[in-house]
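Here are some questions on how the parts of a protein chain pack, to be read alongside its structure.

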Amino acid sequence: MRILIVGAGIAGPTLAYWLARTGHEPTIVERAPQLREGGYVVDFWGTGYDVAERMGIVPRLLDEGYRFRELREVDSRGRRVSHLDPLRLIDAAHGRYVSIARSDLARAIYDAVPGGVETIFDDTVTQLHDDGHRVQVEFLHAPPREFDLVIGADGLHSRVRTLSFDPEQQVERYLGITVAAFDIPGYRPRDELVAVTHTEVGAQALRIALRDDSTMVCFMFRHEGDLPLDDVEAQQTLLRGRLGGMGWEVPEILDRMQAAGTFYMDRASQIRLPTWSHGRIALVGDAAACPSLLAGQGSALAMVEAYVLAMALQDAQGDHAAAFAAWEQRLAAVVRGKQDAAIGLGAAFAPRNRMQLWLRNGVLGLMGIPFIANLAMGRSLRDPIDLPPVPAT
Ligand SMILES: Cc1cc2nc3c(=O)[nH]c(=O)nc-3n(C[C@H](O)[C@H](O)[C@H](O)COP(=O)(O)OP(=O)(O)OC[C@H]3O[C@@H](n4cnc5c(N)ncnc54)[C@H](O)[C@@H]3O)c2cc1C
């Protein structure tokens, strides 16, 4: 089948890889002029790791990723108040765990896509008409084309979803926390392979020293007003106003923000749809079922959804309706479970009040005790998804 994939983030290129391997003809259209840079460092493990392994990209991820030796929480004067050894996380995941910049993960996936797959950058879809036999697609720049299927892998604010599903307002569930991530060149101090966090009522700041003398900063904060989604200057003004009063290195980090090479800011939201497909159009990754940053597994789940979708299409031998149904049946409950689990985690990142902050710090202190940490992490690292086998080539 000729299949249009909208979005070259994590889910889109993973799907393109597996569709190409199973004999389809995928085309990717990406709104940005090139693969997007920036974003935070994701913890990558679980079934998503298995998919990456099947794509042969794990050695690259291990090479480009990081294995942190400490997660350190500091007070407003930078003194360590608690810490955690991430090796326990890695052990609990049987060594199948790596922390990697989102953009490095995205590029590794994209580079694995076979050379013959067409990618149209700097364009997007404006109209989708599913006549029951084909989907007629209109683009912003390219001439109209016909595809057998269209898959929206265009993230939290999916245009495919807006064009073909219920309006976004009805499905986006904002969790009350906004996230900003950017990288600062040459920032000091640096703590190699240590993730340093400082948490106050309503907000958390995190900094991680990356390669090439770069530092990744991530803020998570409670925010109820509007978010200017396409205006970086307005986003930075919002950040300064909202977080300027925080302690630790935050005022200095905000001063250096203008020098950031990349800047990302968005709501921590979930997408919950009654179904992931309509006729010949389906959604995958954040577009279909964003679990939010709080779930800590968005990229891995996006890869799993893409892989299972490609396998379902292979099994159904051209019956897309049967494939979409089987795919959703296999994954929707698991994904919904991850979403439900994430909802209660906001207090760990941005406690609402002093009591929540106190409780959070207490739990973090307990996590320093190996037995409790293993118990808690072992459970949260379990991933109840059985992947279908890789097709014979
Ligand atoms: C640059 C960037 C930085 C990110 N940083 C963070 C972060 O710091 N914290 C966090 O929690 N999550 C972040 N995310 C989201 C995170 O990557 C996703 O939750 C996860 O990877 C799921 O992947 P996905 O492929 O479904 O969506 P995404 O990784 O979001 O990819 C969607 C892709 O679709 C493209 N796209 C969007 N709209 C259109 C359109 N109309 N037409 C064509 N293409 C379109 C986007 O440019 C993007 O390349 C970031 C996403 C991006 C794009």
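The questions and answers below concern a predicted model.

Q: How are α10 and α11 oriented relative to each other?
A: Helix α10 covers residues 298-315 and helix α11 covers residues 320-343, and their axes are 8 Å apart. The angle at which they pack is about 155 degrees. Angles over 145 degrees count as roughly antiparallel. The two helices α10 and α11 are therefore roughly antiparallel.

Q: How many residues of the contact of α10 with α11 are nonpolar?
A: From α10 the contact includes L301, V308 and L309, and from α11 it includes A323, W327 and L331. The residues of this contact comprise one polar, four charged and, as the nonpolar group, 10.

Q: Which element gives the largest share of the shell around the ligand?
A: Among the elements that give two or more residues to this shell are α1 (11-21), β2 (25-30) and α10. The largest share is three residues, and the element that gives it is α10.

Q: Which are the edge strands of the open sheet of seven strands?
A: The order in this sheet is β5-β4-β13-β14-β15-β12-β16, with mixed pairing. An edge strand pairs on one side only, and this holds for β5 (80-84) and β16 (263-271).

Q: Which residue in β5 stands opposite L71?
A: Strand β4 covers residues 70-74 and pairs with β5 in the antiparallel sense, over four bridges. Opposite L71, the residue in β5 is L84.

Q: What angle does the direction of helix α13 make with that of β5?
A: Helix α13 (residues 354-366) packs on the sheet and touches β4, β5 and β13. Its direction and that of β5 make an angle of about 50 degrees.

Notes: Residues numbered from 1 in each chain as written. Predicted model: local features only at pLDDT ≥ 70, side-chain atom pairs only at ≥ 80, totals over all residues. Axes fitted to C-alpha atoms, helices over the stretch in contact; angles between N-to-C directions. Parallel < 35°, antiparallel > 145°, perpendicular 65-115°, else oblique. Contact = placed C-beta atoms within 7 Å. Nonpolar A, V, L, I, M, F, W, Y, C, P; charged D, E, K, R; others polar. Pairing = 2+ DSSP bridges.
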